[in-house]
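Hello! I am passing a structure on to you, and below it I have written down what I found. Please keep it open while you read.

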Amino acid sequence: MNDAIRCANRKPDTQGERTWNRLRKVRINRDVQVPTDRFTEYFKEFDNVEAVRSIFGEETEKVLDGLRVDFVSGIDYMRVNDSDGDIMINPHYLKHGDLRDIYLDLIHELVHVKQFREGKKLVDRRFDYTDRVTEIEAYRHTVEEARKLGMTDEEIFQYLKTECMSKEEHRRLAEILNVRVSKHS
Ligand SMILES: [Zn+2]
């Protein structure tokens, strides 16, 4: 099992009723057929999601209609390709990851799509991952939506954790985002 797949399995399934009430408004096709496709072939009704509309405003439909997703096995979870602005997704994660995590990750990546369209540099190697302005903006937006899903600080803290981040980076990120750091971690 490679690292990407291990990473893709890291999150537990925990879905309360409030989460479900929001998630049932969208539809996600988790079966990848082709290596690249339109975002809207896989992710339906996202143009009606408040957290998405607050990113793109009146351009929401236009942006989502023109957005492409690339399915790439060699990456962790998902990210935005900083050369063409496509969302890259690990198909194993899409198929087997926690649905709530996938939804929140999409919100996060859509912020990066907006940043890409604004000509911002997504990967600024002068800064550590958790200190990049583009990352903090994406995480802030995601944490706001996580709170609306009814997630507790502990759940959000766990959501923020990946094997790809050190313990110190994880705690630091949580602090920056005003997420209460778990005593147990
Ligand atoms: Zn990011």
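A word on the labels: helices (H or I, at least four residues) and strands (E, at least two) are DSSP runs, numbered from the N terminus. Before we go further, please remember that this is a predicted model, in which local features need pLDDT of at least 70 and side-chain atom pairs count only at pLDDT 80 or more, while totals for chains, interfaces and linings use all residues. Residues are numbered from 1 along each chain, following the sequence as written.

E45 sits in the loop between β3 (43–44) and α4 (50–56), and Y77 in the loop between β4 and β5. Are they buried or exposed? To decide, count the other C-beta atoms (placed from the backbone) within 10 Å of a residue's own: 20 or more makes it buried, 12 or fewer exposed, and anything in between partly exposed. E45 counts as partly exposed because it has 13 C-beta neighbours inside 10 Å. Y77 has 23 other C-beta atoms within 10 Å, so it is buried.

Now back to α7, which spans residues 99–117. Its 19 residues reach 27 Å from the first C-alpha to the last, close to the 27 Å expected at 1.5 Å a residue (the expected span is 1.5 Å times one less than the number of residues). This helix is mostly covered, with 16 of its 19 residues buried. It lies across β5 and β6 (87–89), at about 10 degrees to β5. For such angles, axes are lines fitted to C-alpha atoms, for helices over the stretch in contact, and the values run from 0 to 180 degrees between N-to-C directions.

How are the strands arranged in the sheet? There are 4 of them, forming an open sheet in the order β2-β4-β6-β5, with mixed pairing. Strands β2 (36–38) and β5 (78–80) stand at the edges with a single partner strand each, so one side of each has no neighbour in the sheet. From one strand to the next, the twist averages 25 degrees. Two strands count as paired if DSSP finds at least two bridges between them. In general, strands of a sheet pair through backbone hydrogen bonds, either parallel or antiparallel.

Both kinds can be seen around β4. Strand β4 (residues 68–71) runs antiparallel to β2 and is joined to it by 3 bridges. Here D37 stands opposite V69, and T36 has D70 as its bridge partner. On to β6: 3 bridges join it to β4, and these two run parallel. F71 is paired there with I89. Strand β4 also has two faces, a covered one with V69 and F71 and an uncovered one with R68 and D70.

Next, the inside of the protein. A nonpolar core is a set of buried Ala, Val, Leu, Ile, Met, Phe, Trp, Tyr and Cys residues joined through C-beta atoms within 7 Å. The largest one has 38 residues, and those with the most contacts inside it are I87, I89, I107, A146, I156 and L160. Helix α7 supplies the largest share of this core, 8 residues. Two residues are in contact if their C-beta atoms, placed from the backbone, lie within 7 Å. Leaving aside neighbours within four places in sequence, I107 is in contact with A51, V52, H141, T142 and E145.

Helix α9 (residues 153–160) has E155, I156, F157, Y159 and L160 buried. Among the elements that cover them are α7, α8 (133–148) and α10 (167–176).

Finally, the whole protein. It has 10 helices and 6 strands. Its radius of gyration (taken over C-alpha atoms) is 16 Å, close to the 16 Å that the globule rule gives for 185 residues, so the protein is as compact as a globular protein of that length. That rule is 2.2 Å times the number of residues to the power 0.38. Of the 185 residues, 31% count as buried.

Happy exploring!
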